[in-house]
Amino acid sequence: MRQIEPITKIPEKVIIPLQQHVGAENTPLVSVGDVVKIGQKIGDGESGILPVHSSASGKVTAISECPHPFYENVLSIIIEPDGKDAYIEFKAEDYSQLEREQIIGIIKEAGVVESGIPVHTKLSPSDVVILNGMDEAPYMTSNRALMLDFPSEIIDGLKILMKATGASRGFIGIDASDSEAINTMNKAAVDDLNIETVPLKTTYVRGMEEFFAKAVVKREISRGHRISNASTMTSTIGTARAAYDAVCMGKPLIETVVSVWGVKKSQNVQAKIGTSLRNVIEHCGGYKGKPKKIVVNGPMTGMAQYTDEVPVIKDVHGILVQYEEDATMAEIQPCINCAKCVDVCPANLLPNMLAAFANKGRFDMCKRYNISACVECGKCAYVCPSKIPIVQLIKCAKEWIK
Amino acid sequence: MSIIVSAPPHIKKDTCTKKMVCGVIIALLPALAVSLYLFGLPAMAIILTSVLAAVCAEGAIQKFILKKAIPTDGSAIVTGLLLALLLHVNVPLWIPLIGAVVAIAIGKQAFGGYGSNIFNPALVGWAVLTMAWPSHMASAGVARLVDIPPFVLLVGAAFLLYMGYIKWQIPASYLIGVVFLSALLTRDGSYIFIGAFILGVFFMATDPITTPLTKKGRFIFGIGCGILTVIYGYYGDYAEGVCYSILLMNSVTPLIDRFMKAKPFVEG
């Protein structure tokens with residue numbers, strides 16, 4: 001059974017923000033009134049900037065500031081689809097014939113991004129490429145769905161990333177209890193002795209990049225492999241698939257797999273970049289009641305949206321809708337030093353102290369308590385019995401320190 | 001459409017401070033019941049006076065002096081109960097009354113209230129009473145309310161540990177400290193396991209507010225309590241040793257935390 005359902009209905013309008021990565025905004029390559037095709041590059045800029053492509057064929061109706069799921073309003077290209085679904089010609093390549101620089105160039109031109117970081121900037125020479133097959137947070141299942149639906153594409157994508165970094169080995173970290181995904185990936189990688197799956201016990205934060213790589217490396221060292229942290233490149237399942245699409249299909253990144261929860265039919269869908277959250281939610285049967293909160297990406301670190309007209313962008317992997325009963329705001333109580341936050345902190349910090357210092361404006365003390373090591377995973381605020389918004393206070397202090 | 005925005009995380013664990021305080025009260029219930037059974041009405045009067053005085057003192061200070069809402073966290077009840085359990089059965093009722101008011105007013109509110117106190121409030125009340133009225137507080141041969149079979153207290157302690165309401169490192173290292181040191185000093189360690197000791201180890205040394213945050217610090221705190229308890233108990237009264245050792249270790253808690261910070265995990 002397919003895990004991912006593509007959204008085929010053409011939306012009434014598509015909003016493509018010119019900024020879908022960390023850094024400067026793209027400049028539009030089209031103007032109002034132009035007709036664009038699917039896959040056409042519509043925004044680009046100086047080096048280090050990641051191009052964006054149209055996910056629809058139709059007419060550009062406006063170029064204006066629009067809501068963005070992660071930032072404030074961002075200059076966006078608004079396209080009214082004409083329903084023709086006209087594609088530009090995709091130029092497929094055989095990656096085994098390509099040089100390292102050529103692959104990096106193709107990945108850059110395809111606009112592949114991962115948590116805001118353009119992937120081509122991550123492809124420095126490494127010995128090992130590690131793919132993160134664990135889903136980072138509760139309700140998020142897009143990585144698993146991708147592995148079950150596109151195992152051979154992901155293995156090819158991994159090989160492309162290995163070639164682009166010069167790595168000789170590839171690992172895919174998968175939740176140890178998910179034998180279905182492990183078997184599927186093992187079967188797909190059966191011919192390739194350099195690619196292995198690594199079963200890992202999933203804990204929420206282990207899915208985060210920093211900790212994930214350490215966990216894989218630790219396990220491999222324990223099994224006698226010689227591997228060091230410095231020579232690894234960590235990437236995601238989604239990136240591997242995007243790399244496959246870019247090189248083997250010639251297709252830029254114009255679609256993303258989104259786990260949709262809290263709707264009538266919770267599922268994984270493949271949505272075109274620029275589709276509004278409302279369109280995606282309607283595809284999944286619509287809201288279950290009166291929505292109270294709409295969160296993009298996981299419940300632990302995701303951003304709450306103020307409107308469902310926000311477009312899906314490249315880095316959207318999840319949508320979570322909460323209703324009155326889940327979105328209640330508890331009253332904040334004084335900290336009782338219970339140290340539950342200390343026990344869960346993956347960065348070995350004292351979150352309650354950081355929050356207290358931040359609350360009093362003592363940013364010098366925040367620094368002394370290593371605030372910069374915080375990865376903002378949200379576990380401290382999740383367990384806090386006093387319901388103190390620890391992460392919010394820490395983020396605030398980090399902004400001040402900058 | 002009216003939707004709200006807020007900072008992540010968007011899900012929260014179903015615990016709250018009130019639940020934790022209720023947990024401690026529930027954990028004390030078996031001990032209170034046995035104490036009432038063994039010592040009867042005088043025990044009942046002491047417990048009620050102590051709890052009522054603590055609750056009223058807390059409410060009055062919050063409402064009339066600080067002009068804040070009357071607290072509903074229930075922590076004053078715990079203070080009252082712990083203080084009552086440390087008293088002798090034959091004390092006049094003004095002893096728990098003064099003790100509880102001192103515990104709340106000086107032990108807690110003077111430091112900034114719930115969450116800000118340095119010393120365990122019940123122990124502050126107890127210490128003041130012990131200094132001021134030694135004749136009432138050290139009646140030889142008269143039982144304390146907490147002088148009940150220790151296993152009754154252990155039932156409550158097991159509940160607290162199971163629910164994760166207390167930092168387990170503290171009782172563990174406290175027990176280890178006491179057992180090792182008393183094995184070195186004396187041949188017979190059976191006198192250790194009295195009610196006051198179990199109450200101290202599991203209910204007073206584990207008060208979250210006054211004990212270290214850091215993981216290593218919790219072990220140091222526990223071992224420190226253990227050593228001080230045995231030394232004091234060796235030369236003086238063992239039950240008093242439990243109380244003073246916890247108070248002393250409370251005073252160095254911020255210091256322990258300052259020096260026992262773990263090395264942060266940084267990528268690379």
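Mentor: Two strands count as paired if DSSP finds at least two bridges between them, and the elements themselves are DSSP runs numbered from the N terminus, with helices (H or I) needing at least four residues and strands (E) at least two. This is a predicted model, in which local features need pLDDT of at least 70 and side-chain atom pairs count only at pLDDT 80 or more, whereas totals for chains, interfaces and linings use all residues. Residues are numbered from 1 along each chain as its sequence is written, while chains are lettered from A and ligands numbered from 1 in the order in which they are written.

With those terms in hand, the part to look at is an open sheet of six strands in chain A, which runs in the order E1-E16-E15-E19-E17-E18 with mixed pairing. Its edges are strand E1 (4–6) and strand E18 (303–305) of chain A, each of which has a single partner strand, so one side of each has no neighbour in the sheet. From one strand to the next the twist averages 30 degrees, where angles run from 0 to 180 degrees between N-to-C directions and axes are lines fitted to C-alpha atoms, for helices over the stretch in contact.

Within this sheet, strand E15 (residues 255–261) and strand E19 (residues 318–323) of chain A are paired in the parallel sense over three bridges, and A:Ile319 in E19(A) is the bridge partner of A:Val260. Helix H2(A) packs on the sheet, where it touches E1, E15, strand E16 (267–272) and E19 of chain A, and its direction makes about 125 degrees with that of E15(A); residues are in contact here if their C-beta atoms, placed from the backbone, lie within 7 Å.

Two packed helices are described by the angle between their axes and the distance between the axes. For helix H2 (residues 142–149) and helix H4 (residues 179–188) of chain A, the axes come within 9 Å and cross at roughly 40 degrees. The two helices are therefore oblique to each other, since angles under 35 degrees count as roughly parallel, over 145 as roughly antiparallel, 65 to 115 as roughly perpendicular and the rest as oblique. H2(A) passes H4(A) in a left-handed crossing, meaning that the near helix is turned anticlockwise from the far one by less than a right angle, whereas clockwise would be right-handed.

In this helix contact, A:Arg144, A:Met147 and A:Leu148 of H2(A) meet A:Glu180, A:Ala181, A:Thr184 and A:Met185 of H4(A). These contact residues divide into four nonpolar, one polar and two charged, with Ala, Val, Leu, Ile, Met, Phe, Trp, Tyr, Cys and Pro taken as nonpolar, Asp, Glu, Lys and Arg as charged, and the others, Gly among them, as polar.

For comparison, another open sheet of chain A has four strands in the order E2-E8-E7-E4, with antiparallel pairing. Strand E2 (14–17) and strand E4 (35–36) stand at its edges with a single partner strand each, so each has one side without a neighbour in the sheet. E2(A) pairs with strand E8 (residues 74–81) of chain A in the antiparallel sense over four bridges, and A:Ile15 stands opposite A:Ile78 in E8(A).

Notes: Two residues are in contact if their C-beta atoms, placed from the backbone, lie within 7 Å.
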